[in-house]
Amino acid sequence: MIDLTVSFNHIKLKNPIILASGVWDLPYTEIVDFNKLGGVVYKGISLKPREGNPTPRITETPCGVINSIGLANKGVENFNKEVLPLLKKFDTAIFVNIFGESIEDFSRISEKISDVSGIEVNISCPNVKKGGVSFGRDPKTAYAITKAVCKNTSLPVIVKLTPAASNIVEIAQACLDGGASAVTACNTYQGLVIDIESKKPLFDKVVGGVSGPAIKPQALYKVYQISEGVEIPVIGSGGITNYKDVLEYLIAGAKSIQLGSVIFNNPLAPMEIIDNIIKYMNEKGYRNLKDIRECIDE
Amino acid sequence: MASFQILPVIENRVVGPYTLLRVEDKKMHSIAKCGHFVMVGLPDSMDPFLLRPISFLSVDEKSFTILIKVKGKGTEKLSKVKEGESLKILGPLGKALEPPENGILIAGGIGIAPLYYQSEWMKSGVLFYGAKREKDLVFKEEIKDRGFIVNTISEEKRGTVVDLISENLNFLKGKKTFVCGPESMIKELKGIIGDYAKDTFVYIERRMGCGLGGCKSCAVKVYFEYKLVCQDGPIFPLHEVKFD
Ligand SMILES: Cc1cc2nc3c(=O)[nH]c(=O)nc-3n(C[C@H](O)[C@H](O)[C@H](O)COP(=O)(O)O)c2cc1C
Ligand code: FES
């Protein structure tokens, strides 16, 4: 019998596959089998609703996408009333990604969240004026936000890091010191698209966040660096599209992984990936995820 | 209820400046409604990475058709899918429209596709239809055969569909009107039809990431808030839509 369960710092998952924040919402429950997933992270929510950036908000890049959504969301009250009760029907771990423009915002919003498996703190969104990447670049701020959130909740706290930090290992250490149970590495990479007709940036806010296969080797390296350097569980995110990518992340040190943009290309990818991991483990005779990391094939 | 499937293409033919693809699907007929669309992509391919939102041209018991205008690399690849090859299809998507028995349709270019599908759900009406060239005015005969009065215009001969409407504004009186075409045309039209905008509905087009309300990329400003074209649309009341 194959055992896909993972647990770290009070986070327990039936398998390591988590749906990432910002790429799905309730209608996806019609297509994706949520009962099969290890977990899901709900879209970045803020205290008050945010309308997000002007359109266009998304476009393709070679092997991926770039977005400038600007954290459009209906706020924490809406999440508690309209979203959480529906998600609770599924047999999967529910996490919620939170966003604030100040440390104060982060502590107030974390007070309002309960009855989930954990909070993912977003200090890494490239598409907002205040907060986001600017918080995630500075170890002192990362520490202060993590600490403020941990003080206001008894839930496990995961901090989602930005690859834009000049030293991501230092940021991960700051999150650990602040009390985080895990870090997610990482959010999108900052990028730019120019419209050659108008000779202007395509996005109103100029910068966008690059995701998809284009960022996989880079994000994988961040996971490796953090895993080597800091005693904190890492959740891998960036460019995963198939089970082999998942294996790479697990071997690099990730405890579990998140799937983002891939569901735009193939909404059935999460289920296919889980099935293929099981198939792979059967073929190799592996019984659990530890075997994947530790058994070297002849 | 939407589903995601890999479905075979059973016809690929050129229609005017467009490519018509017929996709075999016996189930779509019972669930697709006027206003719906599908996300379309190439199987086993990450290039293009995103699926493309494309409205139905027609749906019958055995298959449905879509019309493709080549705009970039993605639509070019889609247009080259041969009979016997397959497509990824996510759908039907969007909010269904209850079309009136009789009404006005205004189409610019490829905007004819969803309106052609809409005409299937109506008994009669008037179509105003403009395109760049005379020979681009595809499906006008078929719509005539459905009991519509058809007025066409082409830029190479006389002008745009907005010119055509300004000459025939009184047709819009007391009727529900539906518009699909480039955003520049829709904006111009809004400028000239005045109060008729209240009974006018517009098919909005946006770049989409997911088509399923997940990514929030397909926003459109309606009154003072953003709505999602893939969930709340693609059809919105013209007077409520705020263009940039
Ligand atoms: C359209 C879109 C919206 C996103 N929104 C959020 C968000 O609200 N909060 C967040 O922490 N990350 C957000 N992300 C980042 C993803 O969760 C993920 O970390 C990133 O896309 C990298 O993974 P991927 O290559 O698998 O997509 C978003 C990504 C995309 C493409
Ligand atoms: S396309 Fe993703 S929300 Fe509409």
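Reader: Start with chain A. How do strands β5 (58-61) and β6 (64-67) pair, parallel or antiparallel?
Author: Antiparallel, over 4 bridges. Strands here are DSSP runs of E with at least two residues, numbered from the N terminus. Two of them pair if DSSP finds at least two bridges between them.

Reader: Which residue stands opposite A:I58?
Author: A:N67, in β6(A).

Reader: How many residues sit between β5(A) and β6(A)?
Author: The hairpin has 2 residues between its strands. A:C63 is in the turn, with a positive phi of about 60°.

Reader: Before I go on, what should I know about the model?
Author: This is a predicted model: local features need pLDDT of at least 70, side-chain atom pairs count only at pLDDT 80 or more, and totals for chains, interfaces and linings use all residues. Residues are numbered from 1 along each chain as its sequence is written, chains are lettered from A and ligands numbered from 1 in the order in which they are written, and side-chain values use heavy atoms, with hydrogens and water left out.

Reader: Now where do chains A and B touch? How many residues are in contact?
Author: On chain B, 30 residues are in contact with 34 residues of chain A. Contact means heavy atoms within 4.5 Å.

Reader: And what area is buried between the chains?
Author: About 2,700 Å², with carbon and sulfur atoms giving 61% of that. Buried area is the accessible area (1.4 Å probe) that two parts lose on being put together, summed over both.

Reader: How many salt bridges between chain B and chain A?
Author: The count is 3. A salt bridge needs a side-chain nitrogen of Lys or Arg within 4 Å of a carboxyl oxygen of Asp or Glu. B:R52 forms one with A:E60, and their closest N and O atoms are 3.0 Å apart.

Reader: Which elements of chain B supply at least two residues each to that side?
Author: β1 (3-15), β6 and β12 of chain B. By class, the side of chain B that touches chain A has 16 nonpolar, 7 polar and 7 charged residues. Ala, Val, Leu, Ile, Met, Phe, Trp, Tyr, Cys and Pro count as nonpolar, Asp, Glu, Lys and Arg as charged, and the others, Gly among them, as polar.

Reader: You mentioned β12. What sheet is it in?
Author: An open sheet of 3 strands in chain B, ordered β13-β12-β15, with antiparallel pairing. β13 (225-228) and β15 (241-242) stand at the edges with a single partner strand each, so one side of each has no neighbour in the sheet. β12 (219-222) and β13 of chain B pair over 4 bridges. One bridge partner is B:K227 in β13(B), for B:V220.

Reader: New topic. What are the domains of chain B?
Author: Domain 1 is 4-93 and domain 2 is 102-240. Those bounds come from an automatic or database domain assignment. Their C-alpha centres lie 21 Å apart.

Reader: What's buried between those two domains?
Author: About 2,000 Å², of which carbon and sulfur atoms give 72%. B:Y18, B:C34 and B:L57 supply 25% of the area that domain 1 buries there, more than any other three residues.

Reader: Which element gives the most to domain 1's side?
Author: β4(B), with 6 residues. That side has 18 nonpolar, 4 polar and 3 charged residues.
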